[in-house]
Amino acid sequence: MEELKTLLEQIFDIEFIQAIISNPRLKEGVLKVKVRPVQIRGDIFYQLESFTKTQAFHENLKKTEAIDKLVQYMREFRQLQMTSVKESYTVLISKKGKVTIQKKKNKECKQATVLSHNRTKKYILQEGMKIPFLQDLGVMTKEGKIVRSRFDKFRQINRFLEFIEDIVPRLEKERELTILDFGCGKSYLTFAMYYYLHELKNYDIRVIGLDLKQDVIEHCKELAKKYGYEKLTFLVGDIADYEGVSQVDMVVTLHACNTATDYALAKAIGWNAQVILSVPCCQHELNGQIYTEDLAPLMDYGLLKERFAALVTDGLRAKYLEACGYETQVLEFIDMEHTPKNILLRAVKTGKNSKQAQIEIEKCRTFLHAQPTLGKLLEEGEK
């Protein structure tokens with residue numbers, strides 16, 4: 001591994017862009033690791049984002065610590081892909097620990113992101129691209145510059161697209177795909193999703209945005225028409241009552257309040273949607289239900305109980321998705337309107353219903369005296 005360590009020491013400099021560790025030897029524990037440089041209070045750190053089947057973990061390390069951690073990871077993985085401004089590397093590790101390093105020049109090094117004192121992250125939608133919907137939504141100027149006061153929104157849009165980028169290989173490209181966005185609101189992310197999948201990735205998609213606000217929907221309709229997005233439509237409607245389609249490939253629900261998220265998830269499961277992306281909001285339901293004397297230090301204090309109830313709500317939602325045949329992750333999502341970070345549930349259909357997840361759900365419900373709406377909806381759907 002000394003050869004690998006030497007390479008990392010050379011490449012972890014101002015021109016380093018990213019690295020991805022993949023192909024683990026064991027199909028449990030950490031399955032993938034992403035590495036990128038970040039600037040924190042003027043110092044350069046390397047952010048390691050490690051993924052298990054259900055969770056993502058982040059840690060920011062200085063150069064030496066990051067290199068040691070990557071070398072340690074590579075004892076359990078077979079492949080490492082790294083990109084710098086000028087070159088790309090593929091590192092392969094054999095069963096016997098033999099290290100093979102392949103290197104090639106980057107043809108488009110001028111477009112690569114360079115780390116400097118004012119480092120710019122390499123976003124999916126980049127500054128200078130002149131994207132019409134970002135201009136009309138006030139995020140980008142006509143020249144393609146990001147409006148500084150809207151930079152958090154720009155980051156949020158790109159972070160959302162990163163979640164989609166990871167699951168793109170799961171989507172079929174031979175037919176039209178139907179995507180529903182429940183509670184689309186002003187549709188920043190709806191337009192971004194359509195632009196990314198249709199314009200950049202060339203998928204044949206039909207996207208339907210649904211929201212209760214008539215004026216917001218009318219404005220979104222006008223913008224879709226202006227851009228010539230013929231298969232992007234917006235409707236006024238309630239999540240619980242929507243019956244406009246019979247088959248859906250992907251369901252997105254962002255900030256659907258309280259049990260509206262449960263109705264959206266139940267709909268998605270009923271349609272056998274291949275992908276579900278959900279950012280829950282205002283999880284009040286279980287706060288009025290749960291109680292156990294064993295957790296009195298949490299239950300007896302309103303603020304703590306409220307936060308605990310929100311976590312339990314989303315944990316149960318994730319387990320219900322697993323029980324219904326989805327590989328589910330609980331991830332961090334950038335959100336400026338409520339909190340600096342929020343929870344996103346990303347579920348991909350595998351068809352393998354988890355009996356263990358159902359057992360864990362029942363134990364949790366019994367212990368906390370919880371009756372979540374999603375469980376009730378799924379039981380009704382089975383009748």
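User: In which element of the protein chain is confidence highest, and in which is it lowest?
Analyst: This is a predicted model, in which local features need pLDDT of at least 70 and side-chain atom pairs count only at pLDDT 80 or more, while totals for chains, interfaces and linings use all residues. Residues are numbered from 1 along each chain as its sequence is written, and side-chain values use heavy atoms, with hydrogens and water left out. Judged by pLDDT (the predictor's confidence in each residue, from 0 to 100), and with helices (H or I, at least four residues) and strands (E, at least two) taken as DSSP runs numbered from the N terminus, the highest mean is 96 in helix H10 (residues 355-368), and the lowest, at 84, is in strand E2 (residues 32-40).

User: Over which residues does pLDDT stay under 50?
Analyst: The protein chain has a mean pLDDT of 87, with 93% of its residues at 70 or more. Where pLDDT is low, the predicted coordinates should not be read in detail. That caution bears on a stretch for which the model has 28 contacts (heavy atoms within 4.5 Å) beyond four places in sequence, namely residues 108-119.

User: What radius of gyration does the protein chain have?
Analyst: The C-alpha trace spans about 60 × 55 × 45 Å along its principal axes. The globule rule, 2.2 Å times the number of residues to the power 0.38, is applied to a radius taken over C-alpha atoms. For 383 residues a compact globule would have a value near 21 Å, and the protein chain agrees with this at 22 Å.

User: What bridge partner does Gly209 have in E10?
Analyst: Strands pair if DSSP finds at least two bridges between them, and strand E9 (residues 205-211) pairs with strand E10 (residues 232-236) in the parallel sense over five bridges. With helix H6 (residues 214-227), E9 and E10 make a right-handed β-α-β unit, where right-handed means that, with the strands pointing away from the viewer, the path from the first strand over the helix to the second runs clockwise. Within this pairing, the E10 partner of Gly209 is Phe234.

User: How many residues lie between E3 and E4 in their hairpin?
Analyst: Strand E3 (residues 43-51) and strand E4 (residues 56-61) run antiparallel and are joined by six bridges. The number of residues between E3 and E4 in the hairpin is four.

User: Is Thr253 buried or exposed?
Analyst: Thr253 is found in strand E11 (residues 250-257). Neighbours within four places in sequence aside, Thr253 is in contact with Phe182, Ala264, Leu277, Ser278 and Val279. The classes are buried under 20% relative accessible area, exposed over 50% and partly exposed in between, with a 1.4 Å probe and protein chains only; because its relative accessibility is 0%, Thr253 is buried.

User: Which helices do the buried residues of H11 pack against?
Analyst: Helix H11 (residues 373-382) has as its buried residues Thr373, Leu374, Gly375, Leu377 and Leu378. These buried residues of H11 pack against helix H7 (260-270) and helix H9 (302-323).

User: Where does His369 lie?
Analyst: His369 has a positive phi of about 60° although it is not a glycine. Its relative accessibility is 53%, so His369 counts as exposed. The location of His369 is the loop between H10 and H11.
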